[in-house]
Amino acid sequence: MSLRPLVGIASAVLLVLAPLACKRDSGPSADYEEAARRFRTLYAQKLDAAYLDPQLGEIEAQLQRVPEDSLDAQGARELLQRIQDGRNRMQAEANATDKAIATAREVPAGTSMPTLTPPEPPAAAEPPDAGPPDAGLSGPQAGTPASELVSGFRGCFRRGTPLEVEGRGMRETWELADRTSCRLEFPGHVDSLLLVEQGRVLTLLPRSAVRTVTVTADGGTVPQPAADAGR
């Protein structure tokens, strides 16, 4: 009996298996490395607020281009999941804030609530000779993005009670946390409120500027005595 047919069959089997034995991962992914670098930079700048930044859309697109057989495929999937989880969490917090403000607008008759009369715009004056008007004042100022108040400034600022601003409606407020270290680092914000409008600090105002009124059954308001202002 000749062994040549068997030798031919064995060779064919080896040829079929050879491509499978040589199949390997495609190596590192340039898309993953670039996307991971961009995410680290963005997160270092904005912390959790980065999850709501529009730039994340481009980063996610890069991660989705990572080949499934790449050494970085698992890392790309994990980073995509982290971004999605972070976005969902931050969006839920933003929705909760919006709901709290909307609920605060529905004030039943007889309820006392804080209101604020917007301060008069400052009169034009000559520029000071010794630096800007807020020189030496640390912490958030007018124009500071509200997203920086979430985790910036050493976590020394927290959400306050929403205020009904005459002519503007309900607005979000932030206040200095009641900690000694925060009062020492940001003394200019003690007994003050940060009024937020359209995602930025509108102004820094003293608590004494806030007055409490009572909503009557006919929709009118009854201001409280001046001694109660700011409580």
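Modeller: Helices and strands are DSSP runs, at least four residues long for a helix and at least two for a strand, and they are numbered from the N terminus. With that in hand, this predicted model can be described as a chain with six helices and eight strands.

Biologist: In what pattern do they follow one another along the sequence?

Modeller: Reading along the sequence gives α-α-α-α-β-α-β-β-β-α-β-β-β-β.

Biologist: Before I look at details, which elements have the lowest and the highest mean pLDDT?

Modeller: The general idea is that where pLDDT is low, the predicted coordinates should not be read in detail. Here the mean for the chain is 75, with 65% of its residues at 70 or more. Among the elements, helix H1, residues 4–22, has the lowest mean, 47, whereas H2 has the highest, 92. Over residues 9–23 pLDDT stays under 50, and the model has zero contacts beyond four places in sequence for them; residues 130–136 also stay under 50, with three such contacts.

Biologist: Taking H2 then, how does its span agree with its number of residues?

Modeller: At 1.5 Å a residue, the 17 residues of H2 should span 24 Å, and the distance of 25 Å between its end C-alpha atoms agrees with this.

Biologist: Which residues of H2 are buried, and which exposed residues are carried on the face turned away from them?

Modeller: A residue counts as buried when its relative accessible area is under 20%, and as exposed when that area is over 50%. In H2 the buried residues are Ala35, Ala36, Phe39 and Leu42. They cover an arc of only 135° around the axis, and therefore lie on the same side of H2. The face turned away from this buried side carries the exposed residues Ala30, Arg40, Ala44 and Gln45.

Biologist: What caps the N-terminal end of H2, and what comes just after the helix?

Modeller: Ser29 is the cap, with a side-chain oxygen 3.3 Å from the backbone nitrogen of Asp31, while just after H2 Leu47 takes a positive phi of about 55°.

Biologist: Which members of the largest nonpolar core touch the most other members?

Modeller: Of its 15 residues, these are Phe39, Tyr51, Leu56, Ile59, Leu63, Leu79 and Ile83. Helices H2 (30–46), H3 (56–64) and H4 (73–105) each supply at least two residues of this core, and H4 gives the most, with five. A second, separate core has 12 residues, including Phe157, Leu176, Val196 and Val201. Returning to Leu63, its contacts beyond four places in sequence are with Tyr32, Ala35, Ala76, Leu79, Leu80 and Ile83.

Biologist: Where does Asp48 lie, and why does it count as partly exposed?

Modeller: Asp48 lies in the loop between H2 and H3, and it counts as partly exposed because its relative accessibility is 22%. Beyond four places in sequence, Asp48 is in contact with Tyr43, Arg89 and Met90; with the side chain of Arg89, its own side chain makes a polar contact at 3.2 Å. Asp48 and Ser147 are 99 residues apart in sequence, yet 8.9 Å apart in space, C-alpha to C-alpha.

Biologist: Is His189 buried or exposed?

Modeller: At 1% relative accessibility, His189 counts as buried, although its place is in a loop, between helix H6 (180–185) and strand S5 (192–197). Beyond four places in sequence, its contacts include Ser138, Gln141, Phe157, Leu176 and Leu204. Two of these, Phe157 and Leu176, are among the residues of the second core.

Technical notes:
Residues are numbered from 1 along each chain as its sequence is written. This is a predicted model: local features need pLDDT of at least 70, side-chain atom pairs count only at pLDDT 80 or more; totals for chains, interfaces and linings use all residues. Side-chain values use heavy atoms; hydrogens and water are left out. A nonpolar core is a set of buried Ala, Val, Leu, Ile, Met, Phe, Trp, Tyr and Cys residues joined through side-chain atoms within 4.5 Å. Buried means under 20% relative accessible area, exposed over 50%, partly exposed in between (1.4 Å probe, protein chains only). Contact means heavy atoms within 4.5 Å. The expected span of a helix is 1.5 Å times one less than its number of residues. The arc is that of the directions from the helix axis to the C-beta atoms. A polar contact is a pair of N or O atoms within 3.5 Å; within protein, one must be able to donate a hydrogen and the other to accept it, and residues adjacent in sequence count only if both atoms are side-chain atoms. pLDDT is the predictor's confidence in each residue, from 0 to 100.
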